[in-house]
Amino acid sequence: KLSIGVRWRNVLLKLMPKILDMVCSRADYLLVLPRMLNIIDKITMRTTYLELLQEREQILPLLITLCSQSIMIAEQIAGYPMLLDELIIQNSLTQVLALEQYKTALNDYLIRIPEEDEEALIDALRQFKQSQILHIAAADILGVLPVMKISDHLTYLAEAIIGAVVNMAWKSLSQRFGVPDHLTDAERGFAVIAYGKLGGIELGYNSDLDLVFLHNAPQDSETTGARKSISSHQFYLKLAQKINSIFNLNTSAGVLYEVDMRLRPSGEAGLLVSTVSAYETYQQNEAWTWESQALVRTRGVYGSPDLAQAFEQIRRTTLAMSRASGQLRREICEMRYKMYQHLSHTDQTQFDLKKDKGGITDIEFIAQCLVLEYAHQYPQMAVWSDNVRIFDSAVECGILSCDDGEKLKHCYTAIRNRIHHLNLLRSPSVVSADEFVEERAFVAQIWQRIFG
């Protein structure tokens, strides 16, 4: 014990002056120093990490850069020092997985955990997420990937985790109740529909998952293959509840994702899971305009090909319904006005990137209005769920000029990029009113042209 203590002290005596020199030479040392000291405090008894920070010259400057740009990364590394392995073991911290590799990499990561140890599996999911986000954020901070690619990676990571969570919940439920008797082969008759940022392939670091669950069980279907049988509709309801509980379980590694299901048919008053037919009836006969706006930003992210195709048909048919343009624009304006009243920033010296006029919400509403107004005339307007490609489609259909389409995309990506970096700092999406002046003015001009 004495030799370990002496070794630890000697390493720390060499390392701390180096850290202080590097940090205190920076203009932002008052922000960076507490973050670095917090990390050192958490690893003081792990001499291997201390020695590596001392010996490998490339690691310490990289860690300081990451901590300066992201309190999120600094807190994650302090909370889970094993993430330092990502700086040490990997060839490059900014080396992210190929988009199609997230599911395979996650499955390989979970193989080492016994299937019956649910809490360990959920912890492993969180650890995998933290490790991958560290790589994605490093690629973001160091300028390796543009904001659109960052969102792609965050989205594909979330989709891989959704698939793993559904599989975990399915195994748990099927062991207790069997499986619905209308299923054949390896089908599950279940689909997860993503709304919002996940649906729009625009996920951020702190984004919730807006999800809706669908199934295709007949009314008289029951489960079979276990001692206790229940109706298939009950089975899918329990499956949805189990999925929610896995996402929300707070373990030593934190919560996996916050899940919001208020966009399901009938909102909080509706069932957690709907049949495909009930979902179609609701969307085409009962949905409010704002719910049709939300449908623009939807995609199937889990489920059998048949269910995915059924959902996509419902989505495109609903979005392509003929609407009176005057009424549509008036209802969208009324909704946006209510949001201005309740959510917009009142300090005129600041600009809320999401909620204020000329911000992200206005751009999203413009895209949604273009889809709902023109999809019956131009079906390709209902194909994409992300705003950038919606604007591309609007240009192709002659709805927007090429110049207006490019400027809208620039405004959207520039503001989103700023939001991403504020998220890394755990800062609110509010900047000085002197920022994005030209972008806000252009968005206001397009808004006036469309809505009057």
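Let's start at Arg297, which sits in the loop between α13 (289-296) and β7 (299-303); helices here are DSSP runs of H or I with at least four residues, strands are E runs of at least two, and both are numbered from the N terminus. This is a predicted model, in which local features need pLDDT of at least 70 and side-chain atom pairs count only at pLDDT 80 or more, while totals for chains, interfaces and linings use all residues. Residues are numbered from 1 along each chain as its sequence is written, and side-chain values use heavy atoms, leaving out hydrogens and water.

**Arg297**
- With 6% relative accessibility, Arg297 counts as buried (buried is under 20% relative accessible area, exposed over 50%, partly exposed in between, with a 1.4 Å probe and protein chains only).
- Leaving aside residues up to four places away in sequence, the contacts of Arg297 include Tyr195, Lys197, Glu202, Glu364, Asn387 and Tyr412; contact means heavy atoms within 4.5 Å.

**Nonpolar cores**
- The largest nonpolar core has 91 residues, and Ile162, Phe190 and Phe247 have the most contacts inside it. Such a core is a set of buried Ala, Val, Leu, Ile, Met, Phe, Trp, Tyr and Cys residues joined through side-chain atoms within 4.5 Å.
- Helix α9 (residues 147-177) gives this core its largest share, 15 residues.
- Beyond four places in sequence, Ile162 touches Val192, Leu198, Leu209, Leu211, Phe247, Val301 and Tyr302.
- A second, separate core of 51 residues includes Leu319, Ala367, Val443 and Ile446.

**Helices α2 and α5**
- Helix α2 (residues 29-43) packs against helix α5 (residues 71-79) at an angle of about 15°, with their axes 8 Å apart. Axes are lines fitted to C-alpha atoms, for helices over the stretch in contact, and angles run from 0 to 180 degrees between N-to-C directions.
- The two helices, α2 and α5, are therefore roughly parallel to each other (under 35 degrees is roughly parallel, over 145 roughly antiparallel, 65 to 115 roughly perpendicular and the rest oblique).
- Arg35, Asn38, Ile39 and Lys42 in α2 meet Ile71, Ala74, Ile77 and Ala78 in α5.

**Helix α3 and Leu53**
- Seven of the nine residues of helix α3 (residues 47-55) are buried, so this helix is largely enclosed by the rest of the structure.
- Leu53 lies in helix α3 and is buried, with a relative accessible area of 3%.
- Among the residues that Leu53 touches, not counting those up to four places away in sequence, are Leu15, Ile40, Ile43 and Leu63.
- Leu53 and Leu63 are ten residues apart in sequence and 9.3 Å apart in space, C-alpha to C-alpha.
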